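Me: I'm new to this one. Could you walk me through it?

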Amino acid sequence: MTLTLERDEARRIAIRAQRLDADRPDALVPLVERLTFLQLDPTAAIAPSADLIAYTRLGAAYRPEQLRSATEDDRLLYEVKAMDDPLTPPFAMLRPVSDLPLHLDRMSRWPDAVPAWSQWLQANAAFRADVLARLRAEGPLLSKDIPDTASVPWVSTGWTHNQNVTRLLELLQGRGEVAVAGRVGRQRTWDLAERVYPAGVEPVPEAEAAPRRDALRLRALGIARPVQVGEAGVPARVEGSALEWRVDPDAVGAAFRGRTALLSPFDRLIHDRVRTQELFGFEYLLEMYKPAAQRRWGYFALPILHGDRLVGKLDAAVDRKAGVLRVSAVHEDEPFGTEVRDAVEAEIGALASWLGLDVAR
C-alpha cells in the first residue's frame with residue numbers, strides 16, 4: 001500500500017525526524033544515535049559543523065566539550081569517513097558506538113568494491129605492516145609521526161597526492177583496523193582499532209545489517225528517496241511531487257509544534273537538495289567555493305527554519321577579534337511578517353549568546 005501525504009505533512013515528518021521541532025532532545029549521545037551521525041567539517045565561519053548541528057537541536061545547554069568527552073573519554077561516539085551515502089562523497093563523521101556492530105562486517109571487506117584502492121593496499125603490504133607495528137608499539141600517534149615507507153605512492157589530482165601515510169590510515173580506518181583515538185587541535189591521533197573500539201563487539205552479518213542501517217537512516221530522515229534508504233519503511237506519494245518516496249510509518253500523523261532554527265549548511269534536513277526542493281520549495285547552494293562577487297547569499301549562509309518552512313538564509317560570520325557575530329544580511333525568500341522577523345532576530349541573538357559574542361550588523 002502506498003501512502004499519500006500532503007506536502008505540509010511530509011515537511012513536518014522530516015523536521016520531527018531530525019529533532020528540529022519544538023520537542024527538543026536533552027542529551028547529546030541519544031541525539032546522535034537518532035541522527036545516526038554528526039558530520040565533521042573544518043569550516044568554522046560560525047562554529048564547527050558538528051557543534052552547530054548539536055546546538056540547533058540541544059540549545060544553549062550544549063557545549064563543545066560534551067562532544068570531545070563523548071568521543072575521547074567515554075568512547076560513546078567514534079570518528080570515521082562516510083561510506084554509505086550514495087548522494088554524497090566521503091566525509092568525516094561521528095557515529096554512535098552503539099551502531100558499530102552494523103558496520104563492522106562491511107568494513108572488513110572495504111575497499112574491495114573500489115579496485116584501485118584495493119590494489120594500492122595490496123601493493124603496499126609492507127607499508128601497511130610497518131604502520132600497524134608502529135601504532136602497536138607507540139600509538140596513539142599523529143600521522144606526521146609515522147614514517148612513510150610506501151613502495152607505491154598514492155596518485156591523485158587533488159590534495160591527497162602522495163599523502164601516503166594519511167591515505168593509508170584512512171583506508172585502514174575504513175577496514176576497521178585502525179581508528180581515530182582523539183584530536184590535537186584539528187589533527188587526528190591514530191591507534192589500533194582494538195584499543196579504541198569497545199572489546200567484544202560482535203559484527204552483525206551484512207545481509208542483516210544493511211536493511212537495519214536503512215531503517216535507522218529512514219528514521220533519522222523521516223521521509224527519503226529510495227536511493228538513500230532502500231526498502232525501509234513504506235512507499236509514499238507526496239502531493240505535488242512526481243518522485244518516489246519511502247516514509248517511516250511511525251512518523252505519520254504525529255502532532256507537530258515548530259520552532260525557529262539557524263541550520264548548518266551541512267544539516268541533514270537540507271543535505272539532499274532534490275528533497276529540499278521537492279518538499280520545501282527551497283533553493284540552496286553552499287557558496288564558500290565561489291568568488292565573492294558571484295555569491296547570492298554569502299560565504300557560509302545558514303538556512304533559516306521557521307515552523308515547517310525554510311524561509312531564508314542568514315549571511316553571518318564570527319569575528320572573534322572584535323567579539324561579535326557579524327550579520328551581513330538576512331535573505332528573505334519571501335517577505336517576513338513581524339512574527340517571523342522577531343523569531344529570526346531572537347534566534348540570531350541566542351546563537352550569538354551561545355558563542356559568547358555580541359551581534360553586530
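Reply: Helices (H or I, at least four residues) and strands (E, at least two) are DSSP runs, numbered from the N terminus. This is a predicted model, where local features need pLDDT of at least 70, side-chain atom pairs count only at pLDDT 80 or more, and totals for chains, interfaces and linings use all residues. Residues are numbered from 1 along each chain as its sequence is written, and side-chain values use heavy atoms, with hydrogens and water left out.

Me: OK, which residue in β4 is the bridge partner of leucine 38?

Reply: That's leucine 94. Two bridges join β2 to β4 (residues 92–96), and these strands run antiparallel.

Me: In what order do the three strands of the open sheet come?

Reply: The order is β2-β4-β3, with antiparallel pairing. β2 (38–39) and β3 (77–81) are at the edges with a single partner strand each, so one side of each has no neighbour in the sheet.

Me: Switching to helices: which residues of α4 are buried?

Reply: In α4 (residues 64–73) they are Leu67, Ala70 and Thr71; buried means under 20% relative accessible area, exposed over 50%, partly exposed in between (1.4 Å probe, protein chains only). Down the axis of α4 they fall within an arc of 90°, so they line one face of the helix. That arc is taken from the directions from the helix axis to the C-beta atoms.

Me: And what do they pack against?

Reply: The buried residues of α4 pack against α2 (28–35), β2, α3 (49–58), β3 and β4.

Me: New topic, aromatics. How many aromatic pairs does the structure hold?

Reply: Nine. Rings of Phe, Tyr and Trp (its six-membered ring) pair if their centres lie within 6.5 Å; planes under 30 degrees apart count as stacked, over 60 as edge-to-face and the rest as tilted. Tyrosine 78 and tyrosine 197 form an edge-to-face pair, 5.4 Å centre to centre with 75° between the planes.

Me: Where do tyrosine 78 and tyrosine 197 lie?

Reply: Tyrosine 78 is in strand β3 and tyrosine 197 in the loop between β7 (187–192) and α9 (206–221), so the pair ties together parts 119 residues apart in sequence.

Me: Is tyrosine 78 buried or exposed?

Reply: Tyrosine 78 is buried, at 3% relative accessible area. Tyrosine 197 is buried too, at 9%.

Conventions: Two strands pair if DSSP finds at least two bridges between them. Contact means heavy atoms within 4.5 Å.
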